[in-house]
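Please give a short report on this structure for someone who has not seen it before.

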Amino acid sequence: MGQAGASGDGVPSFADTATLRWMGDISPYAVLLVDGDGAIRQANAKAGTLFGYGAEEMVGLSIETLVPEGDRQRHGELRETYLAAPRERPMGAGRELQALHRSGEVIPVEIALVPVDVAGTRMVMVSAIDLSVRKALEAQLHHQANHDPLTGLVNRYHFEELLAREIERGQRYGGGFALIMLDIDHFKAVNDTYGHLEGDKVLRRFAEELTGKIRAADTLARWGGEEFMLLLPGTDIAGARALAEAIRVAVNGCRMPVPGQVTVSLGVTGYRNGESVWGLLKRVDEALYAAKLAGRDQVVVL
Ligand SMILES: Nc1nc2c(ncn2[C@@H]2O[C@H](COP(=O)(O)OP(=O)(O)OP(=O)(O)O)[C@@H](O)[C@H]2O)c(=O)[nH]1
């Protein structure tokens, strides 16, 4: 094979493309050999598959053909900068970018770059892997970690993160927010009378009803069991009280999957500047407890 050593600047040099073709053939990655003008001089079968071409069809295409239109000019500039001072950029160094499949679909890829000299001409070997499956899996895991599987609502863990963020935002830019804690009344009786599966349906229906009542900026979370929490950015106590009352009435009139009426108790409070998450959560919990003590199916503001 035609390896001839290394150039003065340490770049591997080859007498011809035979060794590089062999390396492409055995590589687990899509591999392209690109010349200084950005023309593809060689592509392995995996590159053809990744980008939707026959491997031989890719030869002669500009590398920018594989870059989404909006990024092409910038890519060309970056390529020139890279060629002026080429360094090895291995896989796993986090060089993620968007590539363009022949179908027009944009695909996330990670790339590695290795400068090579072939018969005295500087070129770049580009290896690429498709990140679509990994990205989709990451998004799915992220969703699962932050949501309740029964209702699809934000879970307690993520709600606490959002709450901390809202407090930080309030401290930095001003602007308050309100919190409503909700607990379905006598939910144990629903389970005991109709069974756990029917109880689950009630929880789902309840979540749907509430989701229809809130704004896009609000966050509804399942706090645990039959308890829910609502974060209302930019909302004062009067606004939160009105929403809590509207929710109470809506739940009263809601057709549930089980016979009879379901009611809810609600605690409402507003964030007071400088207080801790703990202080805020304690107060909203006390408000809810007061609503339960006062006979349930009501709103208490603290
Ligand atoms: N079906 C179902 N039930 C749940 C779930 N999580 C918690 N529960 C039930 O919710 C009920 C909560 O009961 P309690 O804490 O006694 O409260 P309650 O009966 O609603 O009474 P008050 O809150 O005092 O009005 C228990 O029966 C739990 O088993 C769930 O995911 N699905």
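## Around the ligand

The ligand has 16 residues around it, and His-186, Phe-187, Asp-200, Arg-222 and Arg-296 come nearest. A residue is near a molecule if one of its heavy atoms lies within 4 Å of it. This is a predicted model: local features need pLDDT of at least 70, side-chain atom pairs count only at pLDDT 80 or more, and totals for chains, interfaces and linings use all residues. Residues are numbered from 1 along each chain as its sequence is written, and side-chain values use heavy atoms, with hydrogens and water left out.

By class, the shell has three nonpolar, five polar and eight charged residues. Here Ala, Val, Leu, Ile, Met, Phe, Trp, Tyr, Cys and Pro count as nonpolar, Asp, Glu, Lys and Arg as charged, and the others, Gly among them, as polar. Strand 9 (177-184), helix 7 (187-194) and helix 8 (196-211) each supply at least two shell residues. Helix 8 gives the most, with four. Helices (H or I, at least four residues) and strands (E, at least two) are DSSP runs, numbered from the N terminus.

## Polar pairs and cover

Asp-200 has a polar side-chain atom 2.6 Å from a nitrogen atom of the ligand. In the side chain of Asn-191, an N or O atom is 2.9 Å from a ligand nitrogen. Lys-292 places a polar side-chain atom 2.9 Å from an oxygen atom of the ligand. On its own the ligand has 660 Å² of accessible area (Shrake-Rupley method, 1.4 Å probe). The protein covers 68% of that area.

## The largest pocket

The largest pocket has a volume of about 460 Å³. A pocket is an open set of points on a 1 Å grid over the protein atoms alone, where a 1.4 Å probe fits, with protein on both sides within 12 Å along at least five of seven lines; lining residues have an atom within 4 Å of a point. The volume is the space filled by probe spheres set on the points, which are joined across faces, edges and corners.

Of the 26 lining residues, His-75, Arg-79, Arg-95, Ile-111 and Leu-113 are closest to the pocket's centre. Helix 4 gives the most to the lining, with six residues. The lining has 18 nonpolar, three polar and five charged residues.

## The whole chain

The chain has 10 helices and 13 strands. Its radius of gyration, taken over C-alpha atoms, is 30 Å. Along its principal axes, the C-alpha trace spans about 90 × 45 × 30 Å.

Definitions and conventions: A polar contact is a pair of N or O atoms within 3.5 Å; within protein, one must be able to donate a hydrogen and the other to accept it, and residues adjacent in sequence count only if both atoms are side-chain atoms. The radius of gyration is taken over C-alpha atoms; the globule rule is 2.2 Å times the number of residues to the power 0.38.
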